[in-house]
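Colleague: Could you walk me through this one? I'd like to start with a helix and then turn to the domains.

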Amino acid sequence: MARRVNPIQDRARRAALERAAYLAIYERGYAGVTLADIAGHAGVSKGTLAYHFGSRAGLLAAVMRRFTRTVTVATRRALRQAGTPEAKLAAYVENQFYGVENTRRFSTVSLDFLAAATRDPALMAVQRDFQRETLTLDLEVARLAGEAGAGTRARLLRALVEGLSVRFLADPDPDLAAYRAECLRGLRAILGWASGAA
């Protein structure tokens with residue numbers, strides 16, 4: 001008799017395996033992490049990983065989808081809840097730099113994944129999906145200064161955030177408040193806002 005699968009338990013199990021894989025990638029690097037490493041982190045067999053994800057590539061693509069979606073959903077929610085343009089900008093920045101360890105982990109894994117995606121079309125498809133999702137958020141922020149030129153402003157603000165993220169990773173002792181303040185100043189300049197409230 002075939003084993004019955006509870007879909008809620010199955011989703012929770014997959015989510016736990018993806019979290020374990022994310023931490024293993026952070027510790028070992030995308031190129032260096034093995035299914036055995038991930039299985040060890042998750043406390044399961046390699047067969048369990050294969051059952052849920054099919055392959056190492058399938059698992060690692062699922063990891064990136066989950067964690068990029070987590071960031072975009074949280075940012076979208078924060079933008080919706082913010083009442084003023086100034087509050088939206090602050091919410092956007094906070095969700096780009098959301099804690100020292102979280103930001104370090106996400107940026108490390110994200111850059112590692114991007115490097116691997118340049119050589120793997122399936123992973124690049126996941127990366128492009130993430131870029132499309134972030135573009136919608138970036139455009140929402142860019143449109144705080146009007147519709148004209150919003151596309152250019154969106155690309156500039158993404159470049160600022162990603163550049164600061166790389167600097168954050170290289171900083172041996174990053175000051176989260178300082179990075180947020182620098183990001184906010186840069187975004188305000190891109191929007192053409194004076195140093196005071198919009």
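Modeller: Gladly, with the caution that this is a predicted model. The buried residues of helix 6 pack against helix 1 (7-28), helix 4 (56-81), helix 5 (85-96), helix 7 (121-142) and helix 8 (150-170).

Colleague: Which residues of helix 6 are buried?

Modeller: They are Thr103, Arg104, Arg105, Phe106, Ser107, Val109, Ser110, Phe113, Ala116 and Ala117.

Colleague: And what span should helix 6 have, at 1.5 Å a residue?

Modeller: Helix 6 covers residues 100-117, and its 18 residues should span 26 Å, which agrees with the 25 Å that separates its end C-alpha atoms.

Colleague: Switching topic, what are the domains?

Modeller: The domain assignment gives domain 1 as residues 1-54 and domain 2 as residues 56-191. Their C-alpha centres lie 26 Å apart, and the contact draws 17 residues from domain 1 and 19 residues from domain 2.

Colleague: How much area is buried between domain 1 and domain 2?

Modeller: About 1800 Å² is buried between the two domains, with carbon and sulfur atoms giving 71% of that area. On the side of domain 1, the residues that lose the most area to domain 2 are Tyr22, Tyr26 and Tyr30, which together account for 49% of what that side buries.

Colleague: How many salt bridges cross the interface?

Modeller: The rule finds one across the interface of domain 1 and domain 2. Arg66 forms a salt bridge with Glu18, where the closest N and O atoms are 2.2 Å apart.

Colleague: Which element gives the most to the side of domain 1 that touches domain 2?

Modeller: That is helix 1, with nine residues.

Conventions: Residues are numbered from 1 along each chain as its sequence is written. This is a predicted model: local features need pLDDT of at least 70, side-chain atom pairs count only at pLDDT 80 or more; totals for chains, interfaces and linings use all residues. Side-chain values use heavy atoms; hydrogens and water are left out. Helices (H or I, at least four residues) and strands (E, at least two) are DSSP runs, numbered from the N terminus. The expected span of a helix is 1.5 Å times one less than its number of residues. Buried means under 20% relative accessible area, exposed over 50%, partly exposed in between (1.4 Å probe, protein chains only). Contact means heavy atoms within 4.5 Å. Domain bounds come from an automatic or database domain assignment. Buried area is the accessible area (1.4 Å probe) that two parts lose on being put together, summed over both. A salt bridge is a side-chain nitrogen of Lys or Arg within 4 Å of a carboxyl oxygen of Asp or Glu.
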